[in-house]
Amino acid sequence: MGPTPLSASREMTGPAPCGRPFSFSYSNLELQPGQERVHLCDWSSPHPGASSENPRLAAPRARSSRLAALPPLPQGGTMSTVSEVVQRARAAFNAGKTRPLQCRVQQLEGLRRLIREREKDLVGALAADLRKNEWTAYYEEIVYVLEEIDYTIKKLPEWAADEPVEKTPQTQQDESYIHSEPLGVVLIIGAWNYPFSLTIQPMVGAIAAGNAVVLKPSELSENTASLLATTLPQYLDKDLYPVISGGVPETTEVLKERFDHILYTGSTGVGKIVMTAAAKHLTPVTLGLGGKNPCYVDKGCDLDVACRRIAWGKFMNSGQVCAAPDYILCDPSIQNQIVEKLTKSLKEFYGEDAKKSRDYGRIINSLHFQRVMGLMEGQKVAYGGTGDAATRYIAPTILVDVDPQSPVMQEEVFGPIMPIVCVHSLEEAIQFISQREKPLALYVFSLNDKVIKKMIAETSSGGVTANDVIVHVTVPSLPYGGVGSSGMGSYHGRKSFETFSHRRSCLVRPLLNEEALRARYPPSPAKMPRH
């Protein structure tokens with residue numbers, strides 16, 4: 001996309017990043033190639049909600065002496081080491097740039113502008129990485145980030161307000177409350193399967209909470225990672241929100257640094273590496289690790305609707321969805337019907353040959369292609385089962401009569417293969433699920449509310465959706481995260497703000513009523529008073 005005109009005229013005054021005063025205006029300004037959009041916090045104009053009653057929304061006084069302490073960029077205008085990137089982010093945070101809510105809102109608005117103005121570029125990058133078309137790129141990734149930004153901007157004054165707490169008889173004259181403060185500098189390590197939303201959506205909450213954010217996109221989705229590294233500094237404060245590019249060596253280096261929180265989305269194996277690195281600095285972590293998400297289909301449910309919804313969630317993005325149903329549990333008497341109805345839905349979605357469908361994705365790389373294809377070896381294929389290594393295409397595949405001990409049931413499939421395991425009762429299904437590691441998500445289809453409630457009550461998972469799949473992940477007011485081996489911590493909406501905040505207990509006591517406190521001071525009475 002070409003340069004975007006800024007039609008609004010706006011005056012900005014305040015301290016420059018190195019303490020030098022500045023004053024300039026936008027007036028039908030058009031960015032030229034090589035120029036960067038202004039992304040500093042506007043320190044001069046108050047937030048619309050600012051008032052004497054709500055001073056946290058007001059613009060801060062200049063901190064020129066603190067800002068002057070920011071280390072300069074290395075020669076050439078680029079940061080030469082990971083350590084320098086993190087140090088500069090911490091210096092910017094310590095300068096207090098993110099404390100005012102007004103600054104945080106400005107950065108979120110900048111992020112929203114990036115999405116709207118560079119949407120075609122985002123779609124192109126997602127197409128190059130995962131063969132997502134414009135519709136799937138927007139409705140499976142971009143729209144959720146936009147909704148998160150809008151929701152967060154709307155709710156931020158409420159979330160950031162001091163929260164009064166119940167008083168004890170001894171603190172009736174005191175002011176007791178919880179104050180949310182930013183943690184500091186946080187690291188977000190994104191995932192390759194949804195390289196935009198799983199990287200940027202948690203960043204929204206981290207910005208809202210007032211943190212500096214070091215972003216490390218996945219190198220496997222290289223086109224999206226490159227686009228983020230190029231565009232984010234044009235719309236956001238590049239000191240506060242740097243992007244680190246690269247693969248394993250760069251990630252290894254960044255994990256040596258001290259952060260105040262780390263959020264990682266990806267595999268359990270790498271999650272353990274992240275947690276080990278964080279432990280050296282006592283850094284808290286949020287880990288989204290996936291797992292084998294069960295999908296129980298009750299005999300009494302509407303199989304046409306159930307299978308249509310299951311097929312949608314399982315085979316989107318060529319099965320590379322951490323919250324997708326991983327396998328189906330059902331009674332043997334309905335297995336064939338499920339195969340028939342899943343097949344019908346797949347043909348409706350992708351045609352007779354999904355390889356020709358513009359809506360059907362591709363596996364991220366050759367290594368993952370070979371892994372997923374290997375899971376079909378020795379299995380009974382009821383539909384699909386083919387692949388093309390040259391294009392990393394794997395056909396939508398349904399496996400039946402799957403042995404629970406087979407390789408396909410020992411690891412997260414993370415591809416377009418749906419194993420069906422037969423169980424003879426709800427109780428057996430619950431036992432099957434409970435004997436395995438806790439999944440990121442659990443799905444149950446039934447017309448019987450008691451079946452749904454029993455499944456929820458007697459199992460454990462990061463989240464649950466009944467009579468559909470994945471949609472609980474799309475609701476900002478529902479925290480998203482795993483439990484046990486599928487992860488720890490959660491985010492989305494208010495939970496993101498809380499994850500990246502320290503809830504500080506505060507008590508403010510007047511220097512009055514000293515007589516009422518006399519009993520607490522030595523010397524203590526000779527006889528213990530009885531209540």
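Two strands pair if DSSP finds at least two bridges between them. Helices (H or I, at least four residues) and strands (E, at least two) are DSSP runs, numbered from the N terminus. This is a predicted model, in which local features need pLDDT of at least 70 and side-chain atom pairs count only at pLDDT 80 or more, while totals for chains, interfaces and linings use all residues. Residues are numbered from 1 along each chain as its sequence is written, and side-chain values use heavy atoms, with hydrogens and water left out.

- Three strands in the order 5-6-23 form an open sheet with antiparallel pairing.
- Strand 5 (163-164) and strand 23 (501-508) are the edge strands, each pairing on one side only.
- Strand 6 (residues 175-182) is joined to strand 23 by 8 bridges in the antiparallel sense.
- I178 has S505 in strand 23 as its bridge partner.

**Strand 16 and its partners**

- Strand 16 (residues 397-400) is covered on both faces: T397 and L399 on one side, and I398 and V400 on the other, are all buried (under 20% relative accessible area, with exposed over 50% and partly exposed in between, using a 1.4 Å probe and protein chains only).
- Strand 13 (residues 380-383) pairs with strand 16 in the antiparallel sense over 3 bridges, and Y383 stands opposite I398.
- Strand 17 (residues 417-422) pairs with strand 16 in the parallel sense over 3 bridges, and L399 stands opposite P419.

**Helix 5 against helix 6**

- The axes of helix 5 (residues 134-160) and helix 6 (residues 197-208) come within 9 Å and cross at roughly 5°; axes are lines fitted to C-alpha atoms, for helices over the stretch in contact, with angles from 0 to 180 degrees between N-to-C directions.
- That crossing makes helix 5 roughly parallel to helix 6 (angles under 35 degrees; over 145 is roughly antiparallel, 65 to 115 roughly perpendicular and the rest oblique).

**Aromatic rings**

- The whole structure holds 10 aromatic pairs; rings of Phe, Tyr and Trp (its six-membered ring) pair if their centres lie within 6.5 Å, and planes under 30 degrees apart count as stacked, over 60 as edge-to-face and the rest as tilted.
- The ring centres of W159 and F497 are 6.1 Å apart and their planes are at 45°, so this pair is tilted.
- W159 is in helix 5 and F497 in helix 15 (residues 493-499), so the pair ties together parts 338 residues apart in sequence.
- W159 and F497 are both buried.
- F349, Y350, Y360 and Y393 are linked into a cluster by ring pairs.
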